[in-house]
Amino acid sequence: MLIDYKKVSIYQTNEKPVLCNVDFHVDEGEFIYIIGRVGSGKSTLLKSIYLELDVEDAECAIVNGHDIKNLKRKHIPALRRELGIIFQDFQLLSDRTVYKNLYFVLRATGWKKKDDIDKRITEVLADVGMLEKAGKYPHELSGGEQQRVAIARAILNNPKIIIADEPTGNLDPETADNIIQLLRQISQTGTAVVMSTHNMVLVNKYPGIVYCCKNGSLKEVTQDYNEIIIDDEEAEQAQQ
């Protein structure tokens, strides 16, 4: 099991947990959606996996073999290098070309030989259909192209887990569809994808395991998530 959370509580501050008693499990090759309203804890859950937020209360909190509850701070960068992280706003380095963005990551994660680096960059850019854009700067790319580069960056070191926080949030529907297809292809190679989203059209079109953040808790709702969405919409209408 790649991620094993049992009775985990996650805090933004020391006052009150955003999510309590979380049971969350991820195996190789799984495609997992995290849904829920804005502020419900989706990003909080993802940030706990790559330890931007600490896990303090937990019966068990394992990520890729690491006990993150007791992981020393000096070991956090090593854990993050084992993960692929994709953000809604891409977070590419604006002063560097696509090639240099990827080169920077590989050098920072211990790659030394330029031939090996060039080969790996060529491989991942080909995988995401961006090989011909290697010399372009981020501002010269569309949003969808930038997200493809962000995905290429995430898979550089062959991670077992990809964390994607609203990766289609800034994209038009057709581009969002293409990005999800790409992520699903990656999951079929054995890499687990954990993705937060508001886009229920994509969840319906590309089924996976679905968890919902609601009222401070996380629950698997794969079989009945549509009922939860309908209930939320009815509650909002009743308040108007």
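A salt bridge here is a side-chain nitrogen of Lys or Arg within 4 Å of a carboxyl oxygen of Asp or Glu. The views below all come from a predicted model.

**View 1. Glutamate 28 and lysine 160 join up in a salt bridge.** Their side chains come to 3.8 Å, N to O. This pair ties together distant parts of the chain, 132 residues apart: glutamate 28 sits in the loop between β2 (17-26) and β3, and lysine 160 in the loop between α5 and β8. Glutamate 28 has 52% relative accessibility, so it counts as exposed, while lysine 160, at 39%, counts as partly exposed. By the rule above, the count comes to ten salt bridges.

**View 2. Lysine 114 and aspartate 118 pair up within helix α4.** The salt bridge between their side chains is 2.8 Å, N to O. They are four residues apart in the helix, which means about one helical turn separates them. Lysine 114 is partly exposed at 47% relative accessible area, and aspartate 118 is partly exposed too, at 23%.

**View 3. Lysine 205 reaches aspartate 177.** Here the salt bridge is 2.7 Å, N to O. Again distant parts of the chain are linked: lysine 205 belongs to helix α7 (residues 200-205) and aspartate 177 to helix α6, 28 residues apart. Aspartate 177 is buried, with a relative accessible area of 11%.

**View 4. Six strands make an open sheet.** Follow the order β7-β8-β9-β3-β10-β11, and you'll find mixed pairing. β7 (83-86) and β11 (217-220) are the edge strands, each pairing on one side only. Neighbouring strands are turned by 20° against each other on average, direction ignored. Zoom in on β3 (residues 31-35) and β10 (residues 209-214), and you have a parallel pair with four bridges. Isoleucine 34 stands opposite tyrosine 211 in β10. Helix α5 (residues 143-155) packs on the sheet, where it touches β7 and β8.

**View 5. Helix α5 is largely enclosed by the rest of the structure.** Ten of its 13 residues are buried, hence the description; among them are Gly144, Gln146, Val149 and Arg153. The buried residues pack against β7, α3 (98-108), α4 (114-127), β8 and α6 (173-187).

**View 6. Aspartate 4 makes a polar contact with histidine 25.** The two side chains come to 2.9 Å. Aspartate 4 lies in strand β1 (residues 3-11) and counts as buried at 15% relative accessibility. Leaving aside neighbours within four places in sequence, aspartate 4 is in contact with Phe24, His25, Cys60, Ala61 and Ile62.

Notes
Residues are numbered from 1 along each chain as its sequence is written. This is a predicted model: local features need pLDDT of at least 70, side-chain atom pairs count only at pLDDT 80 or more; totals for chains, interfaces and linings use all residues. Side-chain values use heavy atoms; hydrogens and water are left out. Two strands pair if DSSP finds at least two bridges between them. Helices (H or I, at least four residues) and strands (E, at least two) are DSSP runs, numbered from the N terminus. Axes are lines fitted to C-alpha atoms, for helices over the stretch in contact, and angles run from 0 to 180 degrees between N-to-C directions. Contact means heavy atoms within 4.5 Å. Buried means under 20% relative accessible area, exposed over 50%, partly exposed in between (1.4 Å probe, protein chains only). A polar contact is a pair of N or O atoms within 3.5 Å; within protein, one must be able to donate a hydrogen and the other to accept it, and residues adjacent in sequence count only if both atoms are side-chain atoms.
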